[in-house]
Amino acid sequence: MSAPVDNYIALSAVLFFIGVVGVIVRRNPLIMLMSIELLFNAANLALVTYARAWVNNAGHIFAFLVITVAAAEAAIGLAIVAVTFRRSPRVDVDEVATLKG
Amino acid sequence: MIGFWILSILLIASAVFCITAKKPVYSVVGLLVNFIALAAMYLTLQAEFLAVMQIVVYSGAILILFVFVIALLSSGVRPFDVGPDKAPRIAIPAILFGVAALGIIVVTAIRSNPAVVKATGQDTGDAFAFGSVANFGEALFTTNLLPFEVTAFILMVAIVGVVLIAGDEGPGGVVRRKKKRAIEREPILKKERAIR
């Protein structure tokens with residue numbers, strides 16, 4: 001198994017781009033959160049790739065920490081979605097403007 | 001090399017399916033395929049422990065959380081309504097900009113770095129080979145002990161935050177309940193005083 005590093009990095013960039021498009025285009029908060037998970041995963045892929053290229057496991061540690069932060073982010077984001085839904089039937093992120101001054 | 005291409009096609013296809021699916025449940029399925037393919041990709045990069053963590057934490061915990069919230073939101077009296085799900089006006093320029101940035105990244109990556117991921121430490125049967133649990137654990141608990149502890153703190157903050165946000169009555173619920181309890185307690189206190 002030996003693919004060039006650039007292949008992995010290009011794949012990571014493509015995945016990151018797909019995630020960004022998901023965040024920008026979709027208005028469903030659940031799918032936006034899933035797109036953010038895609039972003040985390042793309043970044044992790046780049047980290048693991050470079051860790052492998054330089055045989056240095058600092059990248060693995062960093063990717064592990066990113067996974068933990070992603071878990072915390074998903075939990076809090078989903079809690080916010082659930083609360084928003086409880087307060088009003090529409091959960092379109094453009095309609096949620098209660099925090100606006 | 002063939003494995004890389006199969007996995008990358010699977011990754012991109014499932015990611016696209018995830019962001020284009022009409023219903024969040026289908027998105028979750030796409031995301032599941034994406035996570036598992038990514039775990040396989042980690043295995044090709046000799047990150048064994050991370051591959052297992054990917055499946056346990058992402059597919060096991062985070063996706064179940066998503067499915068749980070989707071089930072919670074669609075089980076009520078009201079249907080789960082997200083409105084027209086129309087893209088904001090800024091979407092088109094943003095996507096164009098994103099395509100340009102993507103092109104720059106890909107072209108730079110292909111031009112600048114012809115290095116090939118070489119196989120090292122493979123098939124040696126060494127417990128401390130690169131990416132193994134032993135190797136990872138040693139790095140995590142010696143060199144990176146402080147980040148590890150901070151991570152534990154972050155998780156605790158997240159748990160407290162989730163309980164506070166999505167607790168019984170939503171924001172302010174804690175305060176309201178305390179007031180109610182105080183009101184309930186008053187007559188009892190009066191009675192106690194009367195007895196004395």
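Visitor: What is A:L15 in contact with, leaving aside its neighbours within four places in sequence?
Guide: A:L38, A:N41, A:A42 and A:L45 of chain A, and B:L11, B:I12 and B:A15 of chain B. These count as contacts because their C-beta atoms, placed from the backbone, lie within 7 Å of that of A:L15. The model is predicted, so local features need pLDDT of at least 70 and side-chain atom pairs count only at pLDDT 80 or more, while totals for chains, interfaces and linings use all residues. Residues are numbered from 1 along each chain as its sequence is written, and chains are lettered from A and ligands numbered from 1 in the order in which they are written.

Visitor: Which residues touch the most other members of the largest nonpolar core?
Guide: A:L15, A:L45, A:V48 and B:Y42, out of 60 residues. A nonpolar core joins buried Ala, Val, Leu, Ile, Met, Phe, Trp, Tyr and Cys residues through C-beta atoms within 7 Å. At least two residues of this core come from each of α1 (5-25), α2 and α3 of chain A, and from each of α1 (2-20), α2 (24-44) and α3 (48-74) of chain B.

Visitor: What makes α2(A) mostly covered?
Guide: Of its 25 residues, 19 are buried (20 or more other C-beta atoms within 10 Å; 12 or fewer is exposed, in between partly exposed).

Visitor: How do you know that the span of α2(A) agrees with its 25 residues?
Guide: The expected span is 1.5 Å times one less than the number of residues. For α2(A) that gives 36 Å, and its end C-alpha atoms are 36 Å apart, so the two agree.

Visitor: Why is α2(A) called roughly antiparallel to α3(A)?
Guide: The axes of α2(A) (residues 29-53) and α3(A) (residues 58-87) come within 9 Å and cross at roughly 175 degrees. Angles over 145 degrees count as roughly antiparallel (under 35 roughly parallel, 65 to 115 roughly perpendicular, the rest oblique), so α2(A) is roughly antiparallel to α3(A). The residues of their contact divide into 18 nonpolar, four polar and two charged. Ala, Val, Leu, Ile, Met, Phe, Trp, Tyr, Cys and Pro count as nonpolar, Asp, Glu, Lys and Arg as charged, the others as polar. Among those that meet are A:L47 and A:V48 in α2(A), and A:F62 and A:V66 in α3(A).

Visitor: How many residues does the contact between the chains take from each?
Guide: It takes 74 residues from chain B and 65 from chain A. The largest share of the chain B side, eleven residues, comes from α3(B). That side divides into 53 nonpolar, 16 polar and five charged residues.

Definitions and conventions. Axes are lines fitted to C-alpha atoms, for helices over the stretch in contact, and angles run from 0 to 180 degrees between N-to-C directions. Helices (H or I, at least four residues) and strands (E, at least two) are DSSP runs, numbered from the N terminus. Two residues are in contact if their C-beta atoms, placed from the backbone, lie within 7 Å.
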